[in-house]
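Let's go through some labels together and ask what stands behind each one. Have a look at the model first.

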Amino acid sequence: MTQSTSHKFYIVEEAEYGVLPAAAQFVEVPITGTTLGLTKNATQANTIRSDRQIADYRDGTQQIGGDIKAELQWQTIDMLLEASVCGSWDTDTLKSGTARRSFSILRHFTTLSGSDKPYQLYSGIELNNINIQLGTEGVTSATFSAIGKSVEVMADLPQGAVLNATAQIPAFDSFSGQVTEGGNNLAIATELGFTLENGIEPRFVIGSNETIRPSIGLSNLTGTLGVYFENHALLEKFLNGENSDISFSMADPQGNQYIVKVPNLRYTGGQPDVEGTGAIIVSLPFQGLFSETDKTNLVIERKAKV
């Protein structure tokens, strides 16, 4: 019997889309879950028969899709952060941009024997979006949605491949950080989340059931800020169509930090709905925009403990 505790998840960047690097140096990613898998389109015969039976069914185009879920830990998912925003770490600063990356992913079900084929090798994996959520309870989570080319079930590791383990590191939480809005500390925030979508879509051609390198769309950053309703300051920004900015910092128990900044945004909604007898919370969805100052719509900084 296989269990989630026997599952290991490894990743390596591809130099050529959909091609596993020679002597691949896989790095373990400490995930909390994944739905990565193969989906297929199909066709069936429509021939009219007197016995009313379907005589033929064939597989059509296929692609890899699903989510990769992880807790935000110091530098353990930096490769995923980089790929999901199409950017590159410049020292300790990451901005969303145009740099595309694809990966080979290896899933190892360690309780399966060689005859049971314990490995799944995925190729041509790109990260189509990232979602990060902060709340008043728990650690900070990140969900990456992936699109890929193919998968192969294997009895043995690919020739020359090496699996590199990753040490367990405490996750970041929302208790030791802060949210700023318009440059001011926002001590009444109840939730904050954002999604950056890359608009990656498969491209199928005659003669193959697998996608060639997918197309990519605009970098679309959206999110929601939740606050206790104590004044109209934020609502007026929505009502008046004012631009603003948001940043939030997170720290782990060791003192390392990530700071995420949306340098230019426009609120797209907000109203103080009343339900029951509890505190009123205003939900403010927003649209991230290009910042002339930062030359991007999203900035992530990392600061190691001094």
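Buried means under 20% relative accessible area, exposed over 50%, and partly exposed in between, with a 1.4 Å probe and protein chains only. This is a predicted model, in which local features need pLDDT of at least 70 and side-chain atom pairs count only at pLDDT 80 or more, while totals for chains, interfaces and linings use all residues. Residues are numbered from 1 along each chain as its sequence is written, and side-chain values use heavy atoms, with hydrogens and water left out.

Q: Why is Thr211 called buried?
A: Its relative accessibility is 1%. Buried means under 20%, so Thr211 qualifies.

Q: What makes the stretch that holds Thr211 a loop between two strands?
A: Helices (H or I, at least four residues) and strands (E, at least two) are DSSP runs, numbered from the N terminus. Thr211 lies between two such runs, strand S15 (201-203) and strand S16 (212-215).

Q: What makes the pairing of the Thr211 side chain with the backbone nitrogen of Arg203 a polar contact?
A: A polar contact is a pair of N or O atoms within 3.5 Å; within protein, one must be able to donate a hydrogen and the other to accept it, and residues adjacent in sequence count only if both atoms are side-chain atoms. The backbone nitrogen of Arg203 lies 2.8 Å from a polar atom of the Thr211 side chain.

Q: Which residues does Thr211 touch, not counting residues up to four places away in sequence?
A: Contact means heavy atoms within 4.5 Å. By that rule Thr211 touches Tyr17, Gln62, Gly148, Lys149, Pro202, Arg203 and Phe204.

Q: How do you know whether Gly148 is buried or exposed?
A: Gly148 has 0% relative accessibility, so it counts as buried. This glycine sits in strand S9 (residues 141-148). Beyond its neighbours within four places in sequence, its contacts include Tyr17, Gln63, Ser123 and Thr211.

Q: Why is Ser104 called buried, and what polar contact does its side chain make?
A: The relative accessible area of Ser104 is 1%, so this residue is buried. Its side chain makes a polar contact with the side chain of Glu14 at 2.8 Å. Ser104 belongs to strand S7 (residues 103-109).

Q: Why does Lys295 count as exposed?
A: Lys295 has 53% relative accessibility, and therefore counts as exposed. Lys295 is in the loop between strand S20 (281-288) and strand S21 (299-303). Its phi is near 60°, a positive value in a residue other than glycine.

Q: What is phi of Cys86, and why is Cys86 called buried?
A: Phi of Cys86 is near 55°, a positive value in a residue other than glycine. With a relative accessible area of 5%, Cys86 is buried. Its place is in the loop between helix H1 (78-84) and strand S6 (93-95).

Q: Why is Glu82 called buried?
A: Its relative accessibility is 14%, so Glu82 counts as buried. Glu82 lies in helix H1, and its contacts outside four places in sequence are Gly87, Ser88, Trp89, Leu94 and Arg101.

Q: What makes a set of residues a nonpolar core, and how many residues has the largest?
A: A nonpolar core is a set of buried Ala, Val, Leu, Ile, Met, Phe, Trp, Tyr and Cys residues joined through side-chain atoms within 4.5 Å. The largest has 52 residues, and those with the most contacts inside it are Ile77, Leu81, Phe144, Leu225, Tyr258 and Leu298. Strand S8 (residues 119-134) gives the most to this core, with six residues. Apart from it lies another core, of nine residues, among them Val12, Ala24, Phe26 and Met154. In soluble globular proteins, nonpolar side chains tend to be buried together.

Q: How much of the chain is buried?
A: Buried residues make up 43% of the 306 residues in the chain. Its secondary structure comes to two helices and 21 strands.
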